[in-house]
Amino acid sequence: MELYEYSVSALKKMLQNKKVSSREVTEAFLDRIEIIDGKVQAYITKTAEEALKKADEIDSKRQKGEELPSLAGIPMALKDNLCTKDIKTTCASKNLYNFKPPYSATVVEKLDKNGAVMLGKLNMDEFAMGSSCENSRFFSTRNPWDLERVPGGSSGGSAAAVAAREASYTLGSDTGGSIRQPASFCGVVGLKPTYGRVSRYGLVAFASSLDQIGPFANTVEDVALVLQAIAGHDPMDSTSVDIPVPDYSEALQGDIKGMKIGIPREYFPDELSSDVKDVVQKGIKKLEDLGAIVEECSMPHTEYALPTYYIVAPAEASSNLARYDGVRYGYRDKDAKNVLEMFMKTRNEGFGEEVKRRIMIGTYALSSGYYDAYYLKALKVRTLIRRDFESAFEKYDCLVSPTSPSVAFKLGDRVDDPLAMYLSDLFTVPANMAGIPAISLPCGFSEGLPVGMQIMGKAFAEETILKVAHAFEKNSDFQGQKPRGVE
Amino acid sequence: MNQKYETVIGLEVHSELKTNSKIFCDCTTEFGGEPNTHTCPVCLGLPGVLPVLNKKVVDYAIKAGLALNCEIASFCKFDRKNYFYPDLPKAYQISQYDLPICKNGKLEIEVDGKKKTIGITRIHMEEDAGKLIHQGDKIAEAESSLVDYNRAGVPLIEIVSEPDMRSPEEARAYMEMLKAILQYIDVSDCKMQEGSLRCDANVSVRPIGTKEFGTKTEIKNLNSFKALQKALEYEIERQIEVLEDGGKIVQETRSWDESKGITVSLRTKEEAHDYRYFPEPDLVPLKIDEEWIEKIRKTLPELPNERKKRLVEEFGLPEYDAGVITSSKALADFFDKCLEGYDKPKIVSNWIMGELSRLLNANDLEVEDCPIEPQDLVELLKLMDKGTISGKIAKEVFEEMFATGKKAGRVVKEKGLEQISDASELESIIEQVIAENPKPVEDYRNGKEKALGALVGQVMKATRGKANPQLVNKILKEKL
Amino acid sequence: MRITKKDVEHVALLSRLDLTEEEKEAYTKQLNSIIDYMNKINELDTEGVEPTAHVLPIYNVMREDEVGESLDREKVLENAPEKENGQFKVPRIV
């Protein structure tokens with residue numbers, strides 16, 4: 001077995017027992033990237049030099065017998081919307097093609113203190129808007145299971161890098177499914193924590209009331225380890241909650257006998273492809289076999305979540321992306337004769353089609369005369385969606401559904417049909433609207449492509465969904481399959 | 001002004017709060033640093049940053065609300081006001097829209113002895129923008145501009161009045177009273193020249209007797225009391241002229257051009273303003289309970305009107321004097337300090353309202369920057385009382401003190417200004433004056449009492465004003 | 001409710017996007033179909049429902065009024081497309 005194939009927890013033990021050095025592990029991943037990334041195209045920026053420097057630092061500390069934190073010496077990579085001091089942070093946008101932040105995101109600082117070795121920055125849909133990674137202004141990342149297919153999005157690079165073993169774990173961000181949907185498409189585990197669980201400081205904002213940072217890894221145990229390192233209150237983020245962080249690895253122990261799981265029937269609509277449906281239902285059966293009490297339930301406002309999301313998120317985005325005006329950083333149209341022209345041209349050239357589309361929708365929804373009909377109305381519907389979850393969680397410990405209505409689609413298939421693209425977020429958006437945690441984990445295959453199962457939990461009950469996911473993973477028989485596109 | 005019309009004025013006043021750090025980050029609020037040295041990722045609006053509210057800003061906003069008799073909201077939130085301008089780093093300003101922290105307040109003003117209450121619609125908290133420096137100074141001519149974000153994120157409160165004012169004088173009185181109150185409660189420096197107190201005026205006119213408001217214009221760039229009054233006077237006349245000529249007032253924003261003494265339209269063709277306010281998702285709402293409000297209420301000092309009453313009742317000052325002295329906290333403090341060492345209130349108020357104010361105005365200084373300390377004035381007054389110097393000389397000494405910062409005693413000594421109260425010294429001078437001025441001497445002796453004045457004047461002239469006037473009178477009468 | 005090309009032009013100006021003619025045409029079409037889809041929420045009766053602007057029931061998150069370090073000016077201006085005398089330079093305002 002190659003070093004890059006080990007899980008985070010396995011690498012952790014090997015490093016602790018000095019079976020291997022961080023330099024060796026880091027070099028293994030850097031070599032892997034050299035060989036594979038030409039096909040997968042997960043990385044926007046590679047930081048090999050910095051990675052090796054950090055690996056050596058960790059190794060020398062370990063040699064001296066210093067006590068090291070849990071992720072010390074393990075190579076990882078970050079979605080390119082997480083600010084990294086003095087290292088380009090582009091959001092896959094022309095607007096930020098050369099932007100080097102003078103500060104690091106809180107999660108980046110936390111991982112750094114945890115001894116993490118950063119291999120580079122990962123591709124994404126521009127400003128996290130998209131479901132296929134095709135909206136990157138630089139290039140499209142490929143799905144390691146089938147290089148003709150998309151890895152999902154917007155954190156497509158983060159999912160593909162983990163699937164292709166180009167990083168042992170990665171971070172992404174999830175506003176409407178941007179961690180879970182690509183995790184599902186790439187056959188890896190991806191967690192969107194509760195809104196407020198992980199600091200957003202330094203995450204380039206898309207929709208502030210929905211955005212959350214979360215981990216990708218190949219196992220649930222690894223995801224728990226990474227969550228442990230990034231969770232917690234941050235005085236720099238007023239919306240990060242000041243409550244204790246539980247021991248997530250501890251929470252994985254034990255079985256799920258007697259646990260109550262709701263299956264909302266609205267998450268199995270006619271649009272759902274029958275193979276995805278079959279695979280997920282088999283997965284649910286497995287949970288039942290493991291002793292969970294599974295019951296069908298109803299979440300009546302589910303069908304309104306997506307239209308609501310596509311008002312709320314673009315509205316916030318239209319404001320969050322207003323700052324890319326060419327004055328202080330990033331791209332500027334140099335020929336403009338005056339400031340208005342500079343704003344108009346810089347922004348029109350700097351943003352890609354989908355981003356502009358969403359800015360337009362959001363501006364429209366907030367504009368005078370339409371605010372009440374769209375934005376305010378959407379916030380009210382958001383309340384109804386939250387209430388659906390509140391009443392469901394009175395009865396159930398968690399809710400299980402497919403992560404996305406389909407498996408990974410082909411590159412180019414949906415680029416001309418924005419609405420069709422939006423539909424791949426159908427099942428992931430509600431968790432963002434309600435702010436609750438949700439995880440996607442591999443649950444089987446359809447025609448050789450991974451299918452993801454989504455487990456949603458109560459706010460701040462990441463332990464519960466991790467436990468269910470872990471129990472499922474331990475008892476499934478398809479783990480360890482290697483993505484065909486890169487083997 | 002045309003007697004057929006009535007003026008309606010409402011003011012929007014922005015006041016920078018004197019916190020140490022900015023409203024959403026910990027950069028200093030200090031005025032006048034090198035450009036862009038008081039900035040950080042947060043106030044520069046870099047990608048990924050988030051605001052964290054400074055508690056002091058809320059405390060100060062509550063304090064201002066209480067001093068202006070407002071209701072303090074038990075629940076309020078922040079909103080984003082979206083617009084593009086190079087001095088606005090995030091291209092939105094964090095402000096408060098539909099749920100401001102204070103509302104329904106009032107303020108009492110006095111114009112020509114008549115008291116009037118002006119309603120305060122609301123007070124809300126927001127962040128200031130940066131500053132643009134136009135190359136060549138004038139925005140219209142500048143080929144390019146430079147942006148300094150030191151001011152971006154300095155906390156502001158915006159105080160919006162009801163359209164209750166009916167003349168430029170009332171608007172000025174409101175503004176002066178508001179400034180006094182904000183200074184009394186110590187939440188703002190209120191330095192109009194530095195822009196820590198700024199004012200926009202909404203003004204319209206309507207035929208007397210009509211109930212509906214006329215179309216209003218908004219006037220910006222009013223950075224002194226004088227500018228406020230002059231701009232309003234101009235704008236009112238302009239509007240009346242338009243109406244008299246059968247025209248219509250266009251609702252628009254106009255800027256006061258101080259040098260030309262006119263208001264000019266700031267309209268741009270396509271700029272329809274649509275701020276697209278929505279709740280700021282990066283900040284959580286505020287709940288303000290009674291306990292918090294009471295804690296702030298306890299810190300409220302004596303306010304201008306209360307203090308004025310005290311000066312009248314306790315020191316027997318005329319209403320007018322008390323009004324002038326309490327119009328500024330610094331002036332009133334100066335007065336109180338003087339009285340700690342000197343017990344003639346009316347004399348102190350005369351000096352403050354007379355010489356002190358005259359010199360401050362002439363030198364364009366605020367009381368806070370006055371080179372003369374209260375105890376210095378007291379020393380001077382005591383020298384006068386003792387007869388060391390005359391009243392006239394005292395004014396000369398005061399000017400010197402003001403100009404050099406020297407103490408009264410030292411000025412008197414250095415310039416040899418002690419009053420001559422030595423009878424023998426005066427006698428010889430007086431004898432000489434009598435000898436040189438036979439005409440008034442004769443007049444006096446013939447019963448013209450007034451002629452004595454001319455002789456006293458000559459003596460004073462001969463002594464360069466240092467002679468003790470009472471003594472001169474006495475000796476002259478004796479000799480004649 | 002139909003969105004016209006004129007609406008698109010107005011929204012583009014508010015958004016400071018200098019759309020090409022082609023983009024205007026395309027966005028007019030797309031925005032209409034997207035807004036049609038959004039209109040689904042108008043099926044719901046939300047009379048008396050409180051809007052959710054924040055999912056978390058937290059209030060009064062504040063910091064003390066303490067001054068910290070500002071950024072070095074070199075860092076402040078590092079990413080500036082154009083700078084002069086320690087400031088960001090922009091073309092003429094009017």
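This is a predicted model: local features need pLDDT of at least 70, side-chain atom pairs count only at pLDDT 80 or more; totals for chains, interfaces and linings use all residues.
Hi everyone. Let me begin with a term: a salt bridge here is a side-chain nitrogen of Lys or Arg within 4 Å of a carboxyl oxygen of Asp or Glu.

A word on confidence before the contacts. The model scores ipTM 0.97 and pTM 0.91. Chain C has an average pLDDT of 94, and 99% of its residues reach at least 70. Among the elements of chain C, strand E1(C) has the highest mean pLDDT, 98, while helix H2, residues 21-38, has the lowest, 94.

Let's take chain A first. Here 52 residues of chain C are in contact with 69 residues of chain A. About 5500 Å² is buried between these two chains, with carbon and sulfur atoms giving 68% of that area.

On the chain C side, H1, H2 and E3 each supply at least two residues. H2(C) gives the most, with nine residues. Sorted by class, the side of chain C that touches chain A has 31 nonpolar, ten polar and eleven charged residues.

Now turn to chain B. In this case 35 residues of chain C are in contact with 58 residues of chain B. The buried area between them is about 3800 Å², and carbon and sulfur atoms give 58% of it.

Which side chains form the salt bridge between chain C and chain B? Arg92(C) and Glu143(B) do, at 2.8 Å from N to O, and the count for this pair of chains is one. There are also 21 residue pairs in polar contact, again with both at pLDDT 80 or more. Helix H1 (5-14), strand E1 (62-63), helix H3 (73-77) and strand E3 (87-91) of chain C each bring at least two residues to this side. The largest share, five residues, comes from E3(C). By class, the side facing chain B has 16 nonpolar, nine polar and ten charged residues.

Finally, E3(C) also pairs with a strand of chain B. Its partner is strand E10 of chain B, residues 144-148, in the antiparallel sense over four bridges. Within that pairing, Pro91(C) is the bridge partner of Ser144(B).

Key:
Residues are numbered from 1 along each chain as its sequence is written. Chains are lettered from A and ligands numbered from 1 in the order in which they are written. Side-chain values use heavy atoms; hydrogens and water are left out. Contact means heavy atoms within 4.5 Å. Buried area is the accessible area (1.4 Å probe) that two parts lose on being put together, summed over both. A polar contact is a pair of N or O atoms within 3.5 Å; within protein, one must be able to donate a hydrogen and the other to accept it, and residues adjacent in sequence count only if both atoms are side-chain atoms. Ala, Val, Leu, Ile, Met, Phe, Trp, Tyr, Cys and Pro count as nonpolar, Asp, Glu, Lys and Arg as charged, and the others, Gly among them, as polar. Two strands pair if DSSP finds at least two bridges between them. pLDDT is the predictor's confidence in each residue, from 0 to 100.
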